[in-house]
Amino acid sequence: MTAPTLDVYLSDEDLTAALRSDATRGLTADPKWLPPKWFYDARGSELFERITELPEYYPTRTERALLERVVGDIARTAQAEVLVELGAGSAAKTRLLLSALTAEGPLKTYVPQDVSSAALRAAAEQVAAEFPALAVHGVVSDFTDTLHNLPGGGRRMIAFLGGTIGNLVPDERADFLGGIRDVLEPGERLLLGAGLVIEPEVLVPAYDDAAGVTAEFNRNVLHVLNQRLRADFEPEKFAHVALWNAEREWIEMRLAATEDMTVTVADLDLTVHFARGEQLRTEISAKFRVDGLDGELAAAGFRTERVWTDPDDRFALVLAARV
């Protein structure tokens, strides 16, 4: 087994600078907002893992079951020599892809990308131990602005799973997909996992579970601001809100102030006022229609080759080639 390598393009100082910028812009905006990536400190990641196991939260198990069913087709079509995974995390689902790509094709290299160097190093070492014939080359970066740091060479497939594409608004999605196109060569592929538009009575509880785990996950962004920017939020004074925006076809997660309050963010020398009932948007999770996904990919310079959906049409895996 060859020891995995790790390229670091994102330091703790870079993350803090990005958090400072996002918090300044979001907390002084009207209406207020924060990006969802700041949910994920160690506590937030643990809470999200608990969410994926909840009975209401169908996306993770639906995508995994779908991937198990079609992974052989993906591998035979893609014939990838290099698998790049954006937002790899623990790389749990990736093992399905790695097994199929090594059995059905010429896979030689796995490139996991994530913002956490500790999590990425652990995942890379585990994959290297399980797949000793593979070279494992980790990249610590933010996938939204450092795609150019991904290594080239070999026929690549970029995997972006978990429905995370839905956390981006349309303009951001267009920029992101265009950025992926720019780093791929003609014929190289993108494997995209995306949640589909379904009935709100199933969709909304996935983001507002009865046990309140998602509510704690939502409030965790305030704990992150308290810890990293010396803010004095009282997270328990914010109520979790999840609603379906039918016009834009996305779930919105918000935090609603339960009373008038003033919050200081010491590291930003910032004072923020909340009126009772005022809401802070923390996440969108857009859901898609297959023809809409095809259109967005085409606009970014991709040709859709295959689309697979689960039996209930709740989730889609799309394999697209760079034109």
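**Exercise 1.** Find which ring the charged end of arginine 314 sits over.

Solution. Apply the rule: NZ of Lys or CZ of Arg must be within 6 Å of the ring centre and within 35 degrees of the ring normal. The charged end of arginine 314 sits over the ring of tyrosine 58, 5.4 Å from its centre. Lysine 32 gives another case: its charged end is 4.9 Å from the ring centre of phenylalanine 274 and sits over that ring.

This is a predicted model, where local features need pLDDT of at least 70, side-chain atom pairs count only at pLDDT 80 or more, and totals for chains, interfaces and linings use all residues. Residues are numbered from 1 along each chain as its sequence is written, and side-chain values use heavy atoms, with hydrogens and water left out.

**Exercise 2.** State how many aromatic pairs there are, then classify phenylalanine 48 with tyrosine 57.

Solution. Rings of Phe, Tyr and Trp (its six-membered ring) pair if their centres lie within 6.5 Å; planes under 30 degrees apart are stacked, over 60 edge-to-face, the rest tilted. The count is 13 aromatic pairs. Phenylalanine 48 and tyrosine 57 are 6.1 Å apart, centre to centre, with 80° between the planes: edge-to-face. Now accessibility. Buried means under 20% relative accessible area, exposed over 50%, partly exposed in between (1.4 Å probe, protein chains only). Phenylalanine 48, at 23%, is partly exposed. Tyrosine 57, at 7%, is buried.

**Exercise 3.** Name the aromatic cluster that holds Phe48 and Tyr57.

Solution. Phe39, Tyr40, Phe48, Tyr57, Tyr207 and Phe217 form one cluster.
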